[in-house]
Amino acid sequence: MANEIEARIRAEAKKLLESSEVTLVIGWEAGSVPFKTSPAFIESPEDVERLVWNPACTNNLAVYLTEVAKRARVGIVVKPCDSRSIVTLVQEKQISRENVTIIGVTCPGIVDDTALKKAGVRLIDVLAVDWNGDSFNVTTGSGKSSVLTLDAVKEGCRTCAHRAPVISDVSLGEMPDANPLPVEPMEGSFSERREYWANEFERCIRCYACRQICPACYCTKCFADRNDLKWTNKHVGISDNWMWHMGRAMHLAGRCIGCGECERACPMDLPMMKLNREFARHVEELFGYTPGMDPEELPVLGQFNYDDKDPNGH
Amino acid sequence: MADKVIAKTDLRKWLAGMAADHDVIAPIGREAGPATWKDINGTQDIDITANQMVMAAKEFLLPVHDVLFRFHTRKGEERLEVPDLTNKSTVMIGLRLCDVRAISVLDAVYYNQGPFRDAYYAARRDKLALVAAVCDDPRWSCFCTTVGDLKEWKLGADVLITDLGDKIYVQPVTEKGEGLLQGDFFSSPSEDDVRKKSEVWANLLALPKRPFAGKDISKIVSWDDPVWEEQARKCIGCGICTFMCPTCSCFDIQDETTGSVIERYRCRDTCQFSDFTMMGAGHNPRPEKKMRVRQRVLHKFKYQVEQFDLIGCTGCGRCVESCPVNIDIRGIVSHIAAEPL
Amino acid sequence: MSIDTEQMKIEMQTQNPYLPQLAVVEKIIKETWDTKTFRTVFLDEGLRETFTYEPGQFQEVSVFGAGESTFCLASTPTRQGYVEFSVKRVGVVTDALHDLSEGSIVGVRAPFGNWFPYEEWKGKDLWFIGGGIGMAPMRSILNFCLDNRSDYGEIATIYGARTPGDLCYKDEFDEWRKTSALYLTVDAGDENWLGNVGFVPAYLMDLAPKPENVIAITCGPPIMIKFVLQNLKELGFQDEQIYTTLEMKMKCGVGKCGRCNIGTKFVCIDGPVFSFAEIKDLPPEF
């Protein structure tokens, strides 16, 4: 499945560049090690051979659009989650739909190095990670291949209910057979949850990778960077770390499409998806809204209806 | 100074003995994230050869929140209160040789550069002993042997330890280190122990070098190399590479007011953020991402080479491993050196 | 003057360079609509006597709670007992400084950085070419040279600002004119303005100093420096004859925090004063 789709991605990208419909195609290319890929910026038809499609294509490339799609028309290869980021960006008027040509690929889930490690793979031995139908083949040093099941996907993919792009100009791949885990409400009493999160937030080093990797975090001046109004201090400690993560989670409520890139990027492995999913669950319950589905729709927290439910029951 | 061995079952006794007159800190892992340096005081088991990523030693020498002083503002009683810098002597156990080297780089900046010595760093450094483990299981991102000479690096440690399975081979490097090897649980190594230890060391030295090893790119690097723009396009401008880096130590200084007391502290900052060099009036000497990408690489492979005659990169691989977009400093340096990765 | 740099280094290393000395704001002069000059005096009387610095050096000034910022010392060490610095209102700390009243307590860490090589300049003519707030570091060396008037040849100053109202140090113009030449220029005059109207680099060409035995010192906005430099070259000045001070964002002032490097040079310890011969070797990142 993979090679065929990879070939079609390259062909589509080539077409777009040759016809000058776009000046740039953003996709994934091979990384510096076999179990990683890296974002690729392809500007000439000869370079499309660099593009790859394999289970390590984790980056949500929509993060680059706010920078490049303002100036020119660009092509972009997206997974379903990435396509929902584009919908959000269009809804919030950060990019214009006309400025992006979307090559959408269906996706059974992605593996990142954390997922591989959890599956017991020694990363130093990995020679290749490929598709095997809707599962993954991991080839290691001795030439042996092991097949990983869909349990070994990156954290963001585990509960993903969207396996085909919601918006695209070219769509590739067949609908995979993948059963997402249900999103359960956060466990524990209020004080237990508070203790759990205090313990997690404590190790945050405030590198802001979660923000920088996130397509929805496009503010030109983040509240955390303001030094005139100090919403949060630079103090790395529980109080300001708490303010940072809760502030970010609140800003993402009704906007986060759950790609899980923040959690993957976090060098301290903070379980940010737990928080994002909880907020998403509340938004779904209160407003019946799933973010990133329809570019024509207004953002859920950017509108007001008289029959909106009040979470406090007033 | 004589080499010794200690049974792994006695490790705790050794640590507890040291803990009597030192703070003993070691990397303590948890299920998620890199292991962090914790005060163990001999009460915890440590796995000195764990393959988990460990936060850099700067976590101790330059804490993420480092109070410089407190200013008391009550009218007529204005005064500065300086934190007590006469801390207990500390033993860091479980560093790798790359971490030891990183401390040498930090010493060059914080201890020896220019007319000023950093009082806070110096207070911690003066009373610090380093017990370094010889790696027997390098990570996929490691390239220490490519950027330096481990035989020279190990001289920065006070004690070297090598895992021999059921025992640990212990070599004092300095007198300070020898002073730590007290107790009847130490014995003389057998010939077999010496042979095994030498094997581990030889294996580490044999870690394949990248083709750019030994090439001094400080002389050949081009300011306008297209690689800066290429990498900058991928770069999302987070600070992970520098936050995880054992030699990146740039900081910000901030004030925080609680009641009538103002705390001035320093915290990590990074050349990867555009605010880092942005001046009040709006001028920014490094406004573009490619300049910031270039700054990180050249600071290590050119500026520090010219300033201190040492490469500011220790090949620990933390930035390689953590970068969310797979910007690989080994690839950048290979490109500049015109060598394959 | 000989300085035992090794001895100085040892003394500095035993100090804690992050601790400010408390000082009281003795006088605030409103220079323009957005710039004030502050005169501070150390609370410690001993320090008031012993504290000295060199023209061109800088200091870190704290408004406790708001933070700390870098300012060049705009006064001259020939006038002991106080220091002065000029502050243009641009951000959080400068806002806080502007809100201070006389008698307020600030923190001062000083002096840092290198200074103008005034010893080497003895016997030469000096041309100071400044624009806007860039006049602040030049005021230090200008007043220093005027206080040692017999050491130098002709001294002339070209000073430009956007409008007459944007000129700082107006109270001192008469004093400067007594023993040196002062050429003022503004980008746009008003009904009372009788002086030159035009940019500093153009005025420099009108005045056309001859380069023989002359040192030119220029400080101001980057765009002004760029054209002043071009014009000085056209007038025949060599790079070694031209000096400036570079401005970068700083936090520590002592070569540790890592923001003010231009390639291998740290502006806080290798600068802020550079000759253009030195600047030519720096990467273009300032």
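Student: In which strand of chain C does C:P111 lie?

Tutor: C:P111 lies in strand β6 of chain C, which covers residues 105-112. Strands here are DSSP runs of E with at least two residues, helices are runs of H or I with at least four residues, and both are numbered from the N terminus. The model is predicted, and local features need pLDDT of at least 70, side-chain atom pairs count only at pLDDT 80 or more, and totals for chains, interfaces and linings use all residues. Residues are numbered from 1 along each chain as its sequence is written, while chains are lettered from A and ligands numbered from 1 in the order in which they are written.

The peptide bond that leads from C:A110 into C:P111 is cis, and its omega is near -10°. Chain C also has a cis bond from C:G271 to C:P272, with omega near 10°. C:P272 belongs to the loop between α8 (267-270) and β15 (273-275) of chain C.

Chain C also meets chain B: 35 residues from chain C and 38 residues from chain B take part in the contact. Two residues are in contact if their C-beta atoms, placed from the backbone, lie within 7 Å. On the side of chain C that touches chain B, α1 (5-13) and β4 (67-72) each supply at least two residues. The most comes from α1(C), with 4 residues. By type, that side of chain C divides into 17 nonpolar, 11 polar and 7 charged residues; Ala, Val, Leu, Ile, Met, Phe, Trp, Tyr, Cys and Pro count as nonpolar, Asp, Glu, Lys and Arg as charged, and the others, Gly among them, as polar.

In the other chains, the backbone features concern phi. B:D309 is not a glycine, yet its phi is positive, near 60°. B:D309 sits in the loop between α11 (289-308) and α12 (318-322) of chain B, and B:D309 counts as exposed because it has 8 C-beta neighbours inside 10 Å. A:S20 is found in the loop between α1 (2-18) and β1 (24-30) of chain A, and A:S20 is exposed, with 8 other C-beta atoms within 10 Å.

Chain A as a whole contains 9 helices and 8 strands. Of its 314 residues, 46% count as buried.

Notes. A residue is buried if 20 or more other C-beta atoms lie within 10 Å of its own, exposed if 12 or fewer, and partly exposed in between; C-beta atoms are placed from the backbone.
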